[in-house]
Amino acid sequence: MFRLVDRYLMYYIRTADRLQRTAPWQEEHEGGLEAIRAVIMDDSLGICADLDAHMARHIDAYEDEWKAVLGDPERLKQFTSFVNAPEEPDPTLAYVEQRGQRRPANESERRGGAVLIAPSRLEVRS
Amino acid sequence: MTAVRHDSIETAATTRIEVCAYDRLTPDLGVAALIHGIQVAIFRLADGTVHAVQNLDPFSGASVMSRGITGSRGGEPTIASPIYKQVFSLLTGECLVTMDKAPHEGYAADLSVYAVTVDSGTVYVDVPGPM
C-alpha cells in the first residue's frame with residue numbers, strides 16, 4: 001500500500017506541471033486514473049523500480065530544514081530581530097493574552113498600552 | 001561601495017552609526033537594524049551595493065521591510081513589501097506600486113532612505129539627528 005502511494009507521488013512529481021494539483025493532473029493524464037493505475041500497479045511503462053529507487057533516495061537524503069537551522073549558529077543568525085542588537089526584541093511586536101494564549105495586539109490595545117512585548121528568542125520545543 | 005543619498009537627508013544633520021560587518025549581509029537579502037530606536041532595513045544587492053530604508057511598512061504598519069523581496073524596475077533596484085507586495089525604490093524610497101491600497105493611517109506611502117557607507121568591510125548607516 002505504502003509502496004503504491006510512494007510510486008503515485010513520484011510519478012506525479014515527474015509528470016505534473018508546476019503547481020498543478022493531483023486532481024487536475026489525474027484528469028489531464030492520458031488515459032486518466034486508469035492509465036495511472038496501470039503505471040504504478042501493473043508497471044505498464046516499466047518504470048516502477050525507478051520510482052521506488054527515487055523515493056528511497058529521497059528518504060535517505062531527507063533532512064528537516066528547520067531543525068538543521070536550529071543546529072547551525074550561522075544560519076540561526078538570520079532569524080534575529082536586529083543585526084546590530086541580536087538580543088533585543090522587536091519593540092513593535094505587541095501581544096495580549098486571551099484565554100491563556102498570546103495573540104497579536106490590535107490597534108486599540110496598542111494605543112491602550114496594555115500589551116506584552118515579545119521576548120527576543122521564541123521558545124523552541126525540541 | 002556607493003553611498004545612497006537622499007535629498008532630504010543630505011541637508012539634515014546626520015550621525016553615522018556602525019551597524020555590522022559587510023560579510024554578515026547575504027546578497028539579495030535584508031536585515032533589520034535598531035539605530036537609536038529607529039528600525040532600518042538594510043539590503044546588500046547582487047551587484048555589491050548596500051541600501052537602507054525604513055523597516056516600517058507604511059501599508060501594513062508592521063516593521064517587516066527587511067524581510068521584503070529585492071528586485072528591479074528598469075534598472076532601479078526595488079524592495080517589495082512582504083505583506084501586501086507594494087514596490088518601493090531602494091534609491092529614493094518612492095512607492096512605485098501601491099497595489100491599489102492606501103498607506104496605514106498616519107504614514108506616508110514613500111519610505112525614508114538612509115545613506116549607507118561601507119568602509120573596510122564595515123557597514124555604516126547615517127541617521128538623522130545628532131548622537
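Guide: Welcome! In chain A, helix 1 (residues 2–15) packs against helix 3 (residues 32–41) at an angle of about 120°, and their axes are 9 Å apart. This is a predicted model, in which local features need pLDDT of at least 70 and side-chain atom pairs count only at pLDDT 80 or more, while totals for chains, interfaces and linings use all residues. Residues are numbered from 1 along each chain as its sequence is written, chains are lettered from A and ligands numbered from 1 in the order in which they are written, and side-chain values use heavy atoms, with hydrogens and water left out.

Visitor: What makes a stretch a helix, and what makes a line its axis?

Guide: Helices are DSSP runs of H or I with at least four residues, strands are runs of E with at least two, and both are numbered from the N terminus. Axes are lines fitted to C-alpha atoms, for helices over the stretch in contact, and angles run from 0 to 180 degrees between N-to-C directions.

Visitor: Which residues make the contact of helix 1 of chain A with helix 3 of chain A?

Guide: Helix 1 of chain A brings Leu4(A), Arg7(A), Tyr8(A) and Tyr11(A), and helix 3 of chain A brings Ile36(A), Val39(A), Ile40(A) and Met41(A). Contact here means heavy atoms within 4.5 Å. These residues divide into seven nonpolar, no polar and one charged. In that scheme Ala, Val, Leu, Ile, Met, Phe, Trp, Tyr, Cys and Pro are nonpolar, Asp, Glu, Lys and Arg are charged, and the others, Gly among them, are polar.

Visitor: Why is Val39(A) called buried?

Guide: Val39(A) has a relative accessible area of 3%, and buried means under 20% (exposed is over 50%, partly exposed in between, with a 1.4 Å probe and protein chains only). The value falls under the cut-off, so Val39(A) is buried. Val39(A) lies in helix 3 of chain A, whose buried residues also include Gly32(A), Ala35(A) and Ile36(A). Not counting residues up to four places away in sequence, Val39(A) touches Tyr11(A), Ser44(A), Leu45(A), Ile47(A) and Cys48(A).

Visitor: What makes Tyr8(A) and Trp25(A) an edge-to-face pair?

Guide: Rings of Phe, Tyr and Trp (its six-membered ring) pair if their centres lie within 6.5 Å; planes under 30 degrees apart are stacked, over 60 edge-to-face, and the rest tilted. Here the centres are 5.4 Å apart and the planes stand at 75°, so the pair is edge-to-face. Tyr8(A) is in helix 1 of chain A and Trp25(A) in helix 2 (residues 22–28) of chain A, so the pair ties together parts 17 residues apart in sequence. Both residues are buried, Tyr8(A) at 16% and Trp25(A) at 3%. Along with Tyr11(A) and Tyr12(A), they form one aromatic cluster.

Visitor: How many disulfides does the structure hold?

Guide: Zero, over all chains. A disulfide is a pair of cysteine sulfur atoms within 2.5 Å. As for individual cysteines, Cys48(A) is buried at 3%, and Cys95(B) also counts as buried at 11%.

Visitor: What is the pattern of chain B?

Guide: Chain B reads α-β-β-β-β-β-β-β-β-β-β-β along the sequence, with one helix and eleven strands. Buried residues make up 48% of its 131 residues.
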